[in-house]
Amino acid sequence: SRMNSVSMASRAADSSRKTAVSSCAWVVTSVASRMLGITCVKNRGSRARRVPIVQQFLRIFLDIVLWRRGPQDLPASATLVWLTLAAYVLVSAVQLLLLDESGIAWFFFLVADPLLLAAWTWLVLKVYGHTERFQQTIAAVFGTGALLGIGLYLPLQFLVTGLGFNAESAVAQVVALGLVVVFALVTGRIIKLATDTSLFTGIAVALTYFIAINTLVGMVHGPG
């Protein structure tokens, strides 16, 4: 009887702790959601499902990559811009580490590239009179760039390197061309939606930046 009482008390304590943790998690999720301008998902009657914020944004970024959504589906949030920038830089760092690049390449792709990409995006939006969309647009560009890096660029990089092909091989060149096409299509559509122009214009803007940054890298880094 005494053991049963102790067991019941222990279960009650565990239940209370779980309830408290659940309540705290809900409060934290709600506050973070309000900071980023989103709401928690509710369904199944009166029961609320607390979908992690990161999972929500990953789904949005994946939908942007797949042309299901656009930058307009993201909140205009400085917090989100910084988070996507951090993810973009982190993925770039992993790629540079795997390629064993020199210090100048690290500077270009971890510092110059994000800054120039943000400046180029703002300039394009300025030309088309939509600078109020900058936060959503650059978050979409950084976020999809990081997602593509994790889900496509890095795996293909591992595959090509693992098969013994160097950067100058035909296989590596074809893969690189394919990645450029993917970048142009995804980023070009983001620019198209943000500027209310055509897909052709968006792709042209994306490719212009790609060519410009790679030309700068070639000038500073030199051949190889």
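Welcome! The structure is a predicted model, in which local features need pLDDT of at least 70 and side-chain atom pairs count only at pLDDT 80 or more, while totals for chains, interfaces and linings use all residues. Residues are numbered from 1 along each chain as its sequence is written, and side-chain values use heavy atoms, with hydrogens and water left out.

**Helix α2**

- Helix α2 covers residues 53–65, which makes 13 residues; helices here are DSSP runs of H or I with at least four residues, numbered from the N terminus.
- From first C-alpha to last, α2 reaches 18 Å, close to the 18 Å expected at 1.5 Å a residue, where the expected span is 1.5 Å times one less than the number of residues.
- The buried residues of α2 include I53, F57, I60, F61, I64 and V65; buried means under 20% relative accessible area, exposed over 50%, and partly exposed in between, with a 1.4 Å probe and protein chains only.
- Q56 and D63 in α2 are buried too.
- After α2 comes W67, which has a positive phi near 70°.

**Salt bridges**

- The model has four salt bridges, each defined as a side-chain nitrogen of Lys or Arg within 4 Å of a carboxyl oxygen of Asp or Glu.
- D63 pairs with R68 in a salt bridge at 3.3 Å, N to O.
- D63 also forms a salt bridge with R69, with the closest N and O atoms 3.2 Å apart.
- Together, D63, R68 and R69 are linked in a network of salt bridges.
- Another salt bridge joins R133 and E132, whose closest N and O atoms are 3.7 Å apart.
- Of that pair, R133 is partly exposed at 23% relative accessibility, and E132 is exposed at 52%.

- T144 sits in helix α5, which spans residues 134–162.
- With 1% relative accessibility, T144 counts as buried.
- The T144 side chain reaches the backbone oxygen of V141 at 3.2 Å.
- Setting aside neighbours within four places in sequence, T144 is in contact with F61, I64, V65, V186 and I190, where contact means heavy atoms within 4.5 Å.

How values were computed
Helix = DSSP H or I, 4+ residues; strand = E, 2+ residues; numbered from the N terminus. Polar contact = N/O pair within 3.5 Å; in protein donor to acceptor, adjacent residues only side chain to side chain.
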